[in-house]
Amino acid sequence: MLITPGKLLAKIDTPDDLRNLSQTDLPQVCAELRQFIVDNVSVYGGHFGASLGVVELTVALHYVFNTPDDQLVWDVGHQAYGHKILTGRRDIFHTNRFYKGLSGFPKRKESPYDSFGVGHSSTSISAALGMAVASQLQNNPKRHHIAVIGDGAMTAGLAFEGMNHAGSTEADLLIILNDNCMSIDPNVGALREYLTDITTSPTYNKMKDEVWNLLGKMSNFGKSAQDIVSKIETGLKASLMHQSNLFESLHLRYFGPIDGHDIDHLVSVMNDLKDIPGPKLLHCLTVKGKGYGPAEKDQTKWHAPGLFDKVTGEIKKKVYDKPQPPKYQDVFGHTLVELAEVNEKIVGVTPAMPSGSSMNIMMKAIPDRAFDVGIAEQHAVTFSAGMATQGQVVFCNIYSTFMQRAYDQVIHDVCIQELPVIFCLDRAGFAGADGPTHHGAYDLAFMRCVPNMIVASPMNEKELRNLMFTAQSDTIQKGTQAFTIRYPRGEGVMPNWRTPLEQVEIGKGRKIRDGKDVAILTIGPIGNYAVKACELLETENIQPAHYDMRFVKPLDEAMLHEIFQRYDNVVTVEDGCLMGGFGSAVIEFMTDHGYVARVKRLGIPDAVIEHGEQIDLHRECGFDPQGIADSVRELIYTKRIVTA
Ligand SMILES: Cc1ncc(C[n+]2csc(CCOP(=O)(O)OP(=O)(O)O)c2C)c(N)n1
């Protein structure tokens, strides 16, 4: 179903077309853009509320600035649908997030208007500052550089690192703080309180009006922008602002807060700011989900709602005639509460993903022992380490991809200090439609090489529960090792998943089936594909054995001895990078113990794998059930190369 754009939007093929319109047309453009996003996302899915909230900002930015020469960097990028639609991708927008279609995030390869690839938060200030400094070095003083960052993304250390540096430069950098008081869940922490204070403080608002009056006079009297700015600084902002405005203290000129939905005002303010040199911040107040009632009301649910009926606002849910397996994240959330009710030392930590990780279940059930620390993965890990030093049993849940940010903390603050923090890595393996910025491809490789770290992945819900149960037990908590449990996005395989909790022996795998022609070794839920592959192969009279190794570290050495003594053909399967991952660990074992076998490793190759349904990506990489079966056949039927 093709979505028809409104009259004005239909004529905007590039921002030049937008810039050729009269300013009085812009409210209409905004209305049509908003409608186009609603029409598309309701039918094809994707992120929703964030893009609706920045419609006016998007139109104003492309109207005022000379994109793509001026560099516009979106933080996270989940709010950039309007930007994509205005920058030549309107007619293929229905492919957004589909396999081989448009990326759900700005991506440098996709368009010259996507000045920086994003997906992880809080990169925009550093990236735009880098661009601004490069423009200075290249003697290009006319180019503008704009970072659009949400109040959620602003909570990360990286954003502050960028501002700290920016404030010491004369770079032409405009930071637009898109303040909607929301992360995916309600934003948390002292910064949020601070932003609310500025927004509601009569002193600030009076000052803001005076600042804008002066800026208004700038054009009337034709004074140079620099003069005006220094007047503002000395006259109005000097004492109070410098002392108490966070951004001013970092030497960023602070403007706002202004209504981020008033397109006329946005255009005139941005035009004024173009003439003000140096690093500056414009604080815009917006509403996530703006213009679509249900999304304004329940902003977390409408962050990425799935398909919905745009007229009734009803989110479409698949209907099944029998009970379905739960999502792994929900098994985590419920099991955590079950464990925490018995073990009072248990605490939960999430960096800004209460609903995404289902930590919200514990936040609701036992609020004083579950912490959302904001988008701050590094802090989440070190904070967990700190609690572990005091004997708390910490479940720190971080998406595999976001854990990449906290690697030093894992090594330095947890493992070197022998602290038994439990890391639950959600969205491990291919993340699906979110694409390469979100794939949890590297965790097995980067976790297994760290000393004092156990690395496991459950093949199903029961295994996840048992691993969690084991990790919080005294066996682990009185020891010196951290414990990583990684599991994927989406549903498991067991509708009846509330199984009794049982201790798992560390480093012990499970033989799923015996065989004679080949041994298939798997780690995690991808093992369920191997089960299907074995069924396929059996019909062809091939007898595969299947081992769910359960632990990548420590490996089940007894099991591996058995495997290499009995099988000449071995296939390893992992939903993770081949380099340094599970298959590599198996080969290391093989050579270390002098075994010789033909080993085929299946997993994610040394390439950026784009977005798509998980199964499409598994197929692309050759480890869907068919791909596993193909590899087994190839291994068995290809003649062994014997060197003399
Ligand atoms: C490093 C990192 N951690 C977590 C996320 C997951 N995430 C995506 S959007 C988002 C909320 C961002 O909030 P904000 O910046 O205020 O933007 P809004 O959605 O409110 O427009 C989060 C936590 C991420 N993209 N990157």
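# Notebook: loops, a ligand shell and a covered helix

**Entry 1. Arg 427.** I began at Arg 427, which is found in the loop between strand 9 (422-426) and helix 20 (443-448). Helices (H or I, at least four residues) and strands (E, at least two) are DSSP runs, numbered from the N terminus. I noted that the model is predicted, that local features need pLDDT of at least 70 and side-chain atom pairs pLDDT 80 or more, and that totals for chains, interfaces and linings use all residues. Residues are numbered from 1 along each chain as its sequence is written, and side-chain values use heavy atoms, with hydrogens and water left out. Arg 427 has a positive phi of about 55° although it is not a glycine. Its relative accessibility is 11%, so I recorded Arg 427 as buried (under 20% relative accessible area; exposed is over 50% and partly exposed in between, with a 1.4 Å probe and protein chains only).

**Entry 2. Cys 181.** I then looked up Cys 181, another non-glycine residue with positive phi, here near 65°. Cys 181 lies in the loop between strand 3 (173-179) and helix 8 (190-200).

**Entry 3. Cis peptide bonds.** I checked the bond from Thr 67 to Pro 68 and found it cis, with omega near 5°. Pro 68 sits in the loop between helix 4 and strand 1. The bond from Gly 256 to Pro 257 is also cis, with omega near -5°; Pro 257 belongs to strand 4 (residues 253-259).

Entry 4. I consulted UniProt, where an unreviewed entry lists as "binding site" His 78, Gly 119, His 120, Ser 121, Gly 152, Ala 153, Asn 180, Tyr 292 and Glu 377. These positions spread over 300 residues of sequence and, in space, up to 31.8 Å between C-alpha atoms. UniProt positions are given in the numbering used here, feature names are shortened, and annotations may be inferred rather than shown by experiment.

**Entry 5. Ligand shell.** I found 23 residues around the ligand, the closest being His 78, Gly 152, Met 182, Lys 288 and Glu 377; a residue counts as near if one of its heavy atoms lies within 4 Å. By class, the shell has nine nonpolar, 10 polar and four charged residues. For these classes, Ala, Val, Leu, Ile, Met, Phe, Trp, Tyr, Cys and Pro are nonpolar, Asp, Glu, Lys and Arg are charged, and the others, Gly among them, are polar. A polar side-chain atom of His 78 lies 2.7 Å from an oxygen atom of the ligand. A side-chain N or O atom of Lys 288 is 2.6 Å from a ligand oxygen atom. For Ser 121, a backbone N or O atom lies 2.9 Å from a nitrogen atom of the ligand. The protein covers 97% of the 590 Å² of accessible area that the ligand has on its own (Shrake-Rupley method, 1.4 Å probe).

Entry 6. I located His 78 in the loop between strand 1 (71-74) and helix 5 (81-89). His 78 is buried because its relative accessible area is 13%. Not counting residues up to four places away in sequence, His 78 touches His 47, Ala 50, Ser 51, Phe 105 and His 303 (contact means heavy atoms within 4.5 Å). His 120 lies in the loop between helix 5 and helix 6 (124-137), and at 15% relative accessibility His 120 counts as buried. The side chain of His 120 makes a polar contact with the side chain of Thr 401 at 2.7 Å. A polar contact is a pair of N or O atoms within 3.5 Å; within protein, one must be able to donate a hydrogen and the other to accept it, and residues adjacent in sequence count only if both atoms are side-chain atoms.

**Entry 7. Helix 5.** I recorded helix 5 as mostly covered, with eight of its nine residues buried. Among the buried residues are Tyr 81, His 83, Lys 84 and Arg 89. Their cover includes helix 1 (15-19), helix 2, helix 3 (49-53), helix 4 (55-64) and strand 1.

**Entry 8. Asn 40.** I placed Asn 40 in helix 2 (residues 26-44). Asn 40 is buried, because its relative accessibility is 3%. Beyond its neighbours within four places in sequence, Asn 40 is in contact with Ile 3, Gly 45, Phe 93 and His 94.
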